[in-house]
Every structure is written in structure tokens, then in C-alpha cells.
Amino acid sequence: MIRRRCSWTDHGERARGAPLPGESGLRRVVGGGLVARIGAPPLIALATALALLALLLCAFFVPGFVLRAEADTTVPTAQPAPAKPGTGETLPNKPGASEPAAAPAAPAQPAPVEPPPGRALVTLPWGDGDGEVGLAQPGEGLTRGPEALAVAPDGRIAILDSVNLRLVLLAGDGSFAANVPLALAQPRFLAVDNDVLYVLDADADRKLVYLDWQGAEVRSAQIPVLDDAVTGLFATDGGPCVEVAHDNVFLIESTDNGGQEGAKRAAVAALHALAGRPLDRDLGKAAKITFEPKEGVKLKRCKVDKKSLKALQVRTAAPSLVAGRQVEHLVSLDGDGKGGLIVGARLLRQQGDLAGAPSLIIARMSGSDQLGGGTAVTDTLTLNDSPFAYLGQPYVVAPDGRIFQPVGSDAGYTILVHSLPLTAIDEEVRP
């Protein structure tokens with residue numbers, strides 16, 4: 001048998017699919033019906049058929065290989081990290097995770113200093129009935145309500161209703177007790193203790209009236225002409241005292257003229273100079289405070305001989321009431337009932353102050369007679385003014401050291417009660 005050799009030309013023809021000489025033109029069936037058009041040897045044709053079959057199987061059974069679904073082009077959005085159970089704290093995201101852009105932080109604003117609200121003891125409506133107080137609203141001029149407030153050592157409260165020319169008496173819990181009419185033209189000042197109420201008209205009648213808590217007039221005294229305006233009235237264990245121009249204080253001593261019949265006996269008042277304001281209703285302790293813009297606050301405390309009313313021992317101090325603020329003028333000086341002092345002052349308004357910012361500073365000071373050191377501010381309280389109406393002194397200090405603040409509004413006359421907390425120094429000097 002003679003075998004025919006294939007030349008390079010034969011290989012080229014086979015590559016183009018043409019039959020070689022001597023080959024049949026019939027197409028061979030390979031792999032179950034696929035006809036080999038190139039006349040390949042049986043092994044090559046079998047391999048080709050298996051490869052095609054594998055491709056067909058992958059197309060139907062392997063996702064994304066031949067018949068791929070449309071690709072998802074959505075960009076995932078970063079989700080906030082979960083929060084710890086029971087808290088509002090957010091856990092940090094894992095490293096590499098996308099995080100939403102943080103909003104720019106707002107610039108920090110200084111928080112306004114808010115005064116403590118105090119406890120509302122009572123609100124008395126405007127009017128002239130029981131449990132009401134008068135409000136004068138002239139077309140021109142000052143709107144005014146009650147012009148004085150006083151608290152007795154046992155807690156009872158008296159309000160000088162100067163519009164209705166009477167006293168309104170309250171129990172310690174603020175409940176209404178009685179109205180007491182006054183036979184005075186222009187009553188402006190009020191002081192009380194557990195037995196007597198003192199009401200002073202220093203302008204029109206120049207008369208001081210003594211009443212008991214049932215409203216009965218005990219006596220009255222004529223006040224001599226004074227060199228300046230009256231700025232305060234105080235009740236002490238030696239009788240009433242009057243302050244003139246925030247500077248000079250006098251004990252009022254009334255004597256019976258003995259020539260008048262009846263329960264009411266007229267008296268002529270004699271004034272005795274004191275070293276300062278009596279503290280804690282005790283004529284044996286006094287204090288005087290002054291203020292000059294360039295010199296600041298100066299305080300003088302005295303021990304006083306009750307018979308001669310002369311100062312026996314004097315201590316001076318220059319306390320700073322509040323850091324970073326300037327004082328416009330002093331308001332009041334009182335004892336706190338525990339051996340210390342309570343000083344009130346109006347603050348000078350500064351540029352940048354918010355509307356309605358506190359304008360009164362009340363400072364508790366140590367420095368009783370038992371302390372060898374100087375006077376120091378131990379606590380402070382800031383209060384807002386009551387611009388609704390003129391109500392006399394903006395606050396009063398009760399014998400136990402609480403601060404009673406009258407506030408006017410459309411609803412009426414409200415008494416707020418504030419307390420300055422005791423400090424370690426206060427506890428040391430507490431009787």
C-alpha cells in the first residue's frame with residue numbers, strides 16, 4: 001500500500017476547509033449531529049465537539065458566564081452606624097466604610113446668665129377688693145403699684161398698698177389675712193416686727209404711725225423736717241429707725257405729750273444718730289457701706305453701745321461684689337440673721353448685654369464679729385428688674401435671710417422668694 005504524503009500546500013488547503021485529493025466530499029457527523037466541514041481526523045473532531053458542548057452547558061447553567069444579567073450600577077449609600085442600646089451615642093463606623101459628610105458646626109455663642117426663677121409665693125390681682133392691690137396708671141407719669149413690702153420674724157407679710165392707702169396683711173404662706181386703712185396722704189415706707197407695724201409718710205404729713213397686726217393704731221409721731229430724702233425705714237429691738245439719703249441713720253424716739261385724751265396719744269419724735277444700719281434688728285450691731293466708681297465698695301462694721309449708741313469697735317473692708325462687672329449704685333445693706341451681711345447693688349449696663357439681662361446683684365458676705373479675718377463674698381444672686389410698674393425697693397431681706405422680690409405683670413403683684421444657700425463659713429458663725 002502506498003501512502004500519499006501531504007505537502008505544505010495540502011496543509012494550507014486543509015486549513016481553508018477544502019478537501020484534499022482523494023477525500024470524499026461527504027460531511028461527517030460528529031458529537032450527535034454536528035457535521036465536521038473541514039474533514040478533520042476523528043480525534044480532533046471529537047475534541048472540538050466536546051469543547052462546543054462545554055460552552056453550551058456553561059451558557060445555560062453558569063450565571064454571568066455567557067448569558068449574563070444586566071450589571072447593577074447603583075452606588076451603595078453609607079448607612080449610619082448603629083446606636084448603643086439605651087443611649088443616644090452612635091457607634092463608630094468600621095474602617096474604610098463610607099461616611100456621610102458632617103454638617104459644619106455652628107459657632108459657639110455665650111449662654112446668657114439667667115437668674116434663678118425663685119418660688120412664687122402669691123400673686124395678688126390688681127384692684128381694691130380683699131386680696132387685691134392697687135395699680136395707678138396715669139395717662140402721663142409713672143405707673144406704680146404697692147411701694148413697700150415687709151416680713152416679720154414670724155413670717156407674716158405686710159404690703160403697703162399706697163394706691164389704695166391701706167395695708168394688705170398676709171399669712172406666712174401668702175394667704176390673705178386683712179386690709180388695714182391708713183389715714184396718711186402719701187405713705188411710702190413700711191417696717192414690721194412681731195408686734196408692731198410702722199408706716200411713714202415723710203413728705204406730705206411727715207408722720208409715723210404705729211399699728212398692731214389687728215390694724216389698730218397704737219400711736220403716731222410727728223417727724224421733724226429732714227435735710228434730705230428718706231431712703232429707708234427699719235424695725236429694731238430699740239424701736240423704728242429712719243435712713244436719710246442712703247447715708248445717715250437715726251433712731252426715732254417718740255415721747256407722749258400727755259395732754260391729749262383717748263387711746264391715741266400724739267407724740268413728738270426725737271432723732272438719735274447711729275453709726276450705720278442696725279443689723280438683724282439689733283441696735284448693738286451696725287454697718288455702713290459706701291460706693292465710689294474709682295474707689296469701689298467700702299464696708300464698715302461696728303459694735304455699738306445700746307445706751308449711748310456710740311460705736312465701740314470698727315472694722316473696715318473693701319469687698320468685690322462681682323468679678324468682671326461694674327456697680328452703678330448700691331441698693332441695700334441687711335443682716336442675714338446668721339451673723340453675715342447681704343449687700344445689694346445695681347449693675348452698670350455693658351455693651352453687648354442681652355435684653356432683659358440681670359441688672360441686680362445680691363451678695364452674701366461673711367465677716368461676723370466671731371470671725372477674725374476680713375469680709376469675703378461667699379455667694380451671689382442675680383435678679384431682673386420689674387419694669388411693669390414702680391414697686392419701691394426691688395427686694396427686701398427677711399429676718400431669716402430669704403430674699404422677697406415683688407414683681408408686677410398683667411396678672412397682678414407677685415412675690416417671689418429666693419434663698420441664698422448656706423456655706424461652710426456661714427455654718428461656723430451661725431448662732
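This is a predicted model: local features need pLDDT of at least 70, side-chain atom pairs count only at pLDDT 80 or more; totals for chains, interfaces and linings use all residues.
1. Four strands form an open sheet in the order S3-S26-S25-S24, and their pairing is antiparallel. Strand S3 (119–124) and strand S24 (396–397) lie at the edges, each pairing on one side only.

2. The S25–S26 pair. Within this sheet, strand S25 (residues 403–409) runs antiparallel to strand S26 (residues 412–418), and the two are joined over 7 bridges. One of the residues involved is Pro-406, whose bridge partner in S26 is Ile-415.

3. The largest pocket. The space in the largest pocket amounts to about 1200 Å³. Its lining comprises 50 residues, of which Leu-149, Thr-231, Ser-332, Gln-393 and Val-396 are the closest to the pocket centre. By class, the lining of this pocket contains 28 nonpolar, 13 polar and 9 charged residues.

4. Strands in the pocket lining. At least two lining residues come from each of strand S4 (148–151), strand S8 (189–192), strand S12 (230–236), strand S16 (277–279), strand S20 (327–335), S24 and S25. The largest contribution is that of S20, with 7 residues.

5. The cavity. The model has 1 cavity of 30 Å³ or more, and the largest cavity holds about 40 Å³ of space. The residues lining the largest cavity are Leu-200, Ala-202, Ile-223, Leu-226, Val-230, Val-242, Ile-252 and Leu-271. This lining consists of 8 nonpolar residues, with no polar and no charged residues, whereas the lining of the largest pocket includes 13 polar and 9 charged residues.

Notes
Residues are numbered from 1 along each chain as its sequence is written. Side-chain values use heavy atoms; hydrogens and water are left out. Two strands pair if DSSP finds at least two bridges between them. On a 1 Å grid over the protein atoms alone, a cavity is a set of points where a 1.4 Å probe fits but cannot get out, and a pocket is an open set with protein on both sides within 12 Å along at least five of seven lines; lining residues have an atom within 4 Å of a point. Grid points are joined across faces, edges and corners, and a volume is the space filled by probe spheres set on the points. Ala, Val, Leu, Ile, Met, Phe, Trp, Tyr, Cys and Pro count as nonpolar, Asp, Glu, Lys and Arg as charged, and the others, Gly among them, as polar.
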